[in-house]
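Me: Please take a close look at one part of this structure for me. Keep it brisk, and give the cut-off behind each term.

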Amino acid sequence: MLTHIGIEPERLQFSWISSAESTKFIDVVTEVVEAVRKVGPNTRLVKNMVREP
Amino acid sequence: MHTYIDKIREIASRLLKEEAVEMVIGYQEGTLPMISPPMSVRSAEDVEKLTWSSHCCINLANYLTDIKGKVAVFAKGCDCRSIVNHIAEGKVKREDVVIIGVPCNGMMERRTISNIFGDEIEEVVEEADGTVIVRGKGREEKYQKSDLLRQCCRVCVHKNPVLYDELVADPVAIPEDIQRYKEVEKIEAREIDKRWKFFENLISTCIRCYACRDACPTCYCPTCFVDEAQPQWVGKGDDEPDVMTFHILRAFHTAGRCTDCGACVSACPMGINMRAFTKKLEKDCLDLWDWEAGLTSDMRPALETFTPSDPEDNFK
Ligand code: SF4
Ligand code: SF4
């Protein structure tokens, strides 16, 4: 529903990582950061933001 | 007069006289046209106050939460599924409630009627053939009930009660060509930014009165997250992120439990169609887990269960 209402899918990522899977953890975090960097700073659901009229 | 009314009074009177129940929950004539508020009746003399119309929009399952003593309740298809959900969640015991099922032909949207009529409305009369006569300001107009239905009733496929002790009338026919998720698909087809704009727009007039929450039978938490002060999950003002957070979370709390009864929309003073959030969740539950709320009390709602075969397409 979150992507349905317009939250960018890049910001919504799910993964199963066991506490023993440190390399998977690093890979996933790197991927998430890259994906989020691509879509740029978040403007949705941000408090006290100056909005364009 | 609606054809169900005599039968409704007869059943209520019988149950109270036989002392089968302490109280009957139904609807009464409102002081304003196009609103039939809920009412509880405790003595057989008062059953004449009970009524039925196409304005019985409130979901009566809401009044059964943690109720003490034996009660009877009139339940449309959607109310009935909410009662089943209540039973599954332990909010009411099956043996404590006598469910009087009311096969339903849909409820009307009072805003639609007001908009079409234009003037102040003094009276709305329904004929058995589906014609609706609206009177006000010295004039009278005739409409078809099917043109005045609430959005949720237009897409409803569970008009007949799923669990009942007694029925007020024979089950009604369900049209075969109902496109249940037309509204959702229309939004899904838009681009992501347009979708966000749509939802921003949708809630832009929300005044945070919480009538939608209060009308909802699934919203029975002793302290709702919006009222909690420690921690304060969400700001209380009308800053858009706070209003949006309220709507997103409220919708998620009803996921797999909402029966699309539309009581929230009917209760909203601002005419907001917050079903746009919940209907998507309903569709997802059906698509992903083949789950529909309130059809059986033997199974736990979709988001309460986990099986290894659950789809995990969203997981990396
Ligand atoms: S949602 Fe279905 S059962 Fe409920 S009032 Fe509308 S038509 Fe009747
Ligand atoms: S009933 Fe309407 S105005 Fe009130 S909180 Fe709900 S959506 Fe907002």
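Reply: Start with ligand 2. Its shell holds twelve nonpolar residues, one polar and one charged. Here Ala, Val, Leu, Ile, Met, Phe, Trp, Tyr, Cys and Pro count as nonpolar, Asp, Glu, Lys and Arg as charged, and the others, Gly among them, as polar. The model is predicted: local features need pLDDT of at least 70, side-chain atom pairs count only at pLDDT 80 or more, totals for chains, interfaces and linings use all residues, and side-chain values use heavy atoms, with hydrogens and water left out. Residues are numbered from 1 along each chain as its sequence is written, while chains are lettered from A and ligands numbered from 1 in the order in which they are written.

In total, 14 residues surround ligand 2. The closest are B:C206, B:C209, B:Y210, B:C212 and B:C268. Two elements of chain B, α7 and α8, each give two or more residues to this shell. A residue is near a molecule if one of its heavy atoms lies within 4 Å of it. Helices (H or I, at least four residues) and strands (E, at least two) are DSSP runs, numbered from the N terminus.

B:R208 lies in the loop between α6 (192–202) and α7 of chain B. Its phi is positive, about 55 degrees, although B:R208 is not a glycine. Most residues other than glycine have a negative phi, and most peptide bonds are trans. B:R208 counts as buried because its relative accessibility is 9%. Buried means under 20% relative accessible area, exposed over 50%, and partly exposed in between (1.4 Å probe, protein chains only).

On to the loop between α7 (211–215) and α8 (240–253) of chain B, where B:T218 lies. B:T218 also counts as buried, because its relative accessibility is 9%. Neighbours within four places in sequence aside, B:T218 is in contact with B:N85, B:T254, B:R257 and B:C258; contact means heavy atoms within 4.5 Å. B:P231 sits in the loop between α7 and α8 too. The peptide bond from B:Q230 to B:P231 is cis, with omega near 0 degrees.

Next, ligand 1. Ligand 1 sits in the largest cavity. A cavity is a set of points, on a 1 Å grid over the protein atoms alone, where a 1.4 Å probe fits but cannot get out. A molecule sits in one if more than half of its atoms lie within 2 Å of its grid points. Around ligand 1 there are five nonpolar, three polar and four charged residues. Among them are B:C78, B:C104, B:R150, B:C153, B:C156 and B:D260.

Last, the strands of chain B. β6(B) and β7(B) pair in the antiparallel sense over four bridges; to pair, two strands need at least two bridges found by DSSP. B:V125 stands opposite B:I133 in β7(B). Four residues lie between the strands of this hairpin, and B:G130 takes a positive phi near 95 degrees there. Strand β7 (residues 131–136) also pairs with β8 (residues 139–144), antiparallel, over six bridges. B:V134 stands opposite B:E141 in β8(B). That hairpin has two residues between the strands, and B:K137 takes a positive phi near 50 degrees.

Note on methods:
1 Å grid on protein atoms, 1.4 Å probe; cavity = no way out; pocket = protein on both sides within 12 Å on 5 of 7 lines; lining within 4 Å.
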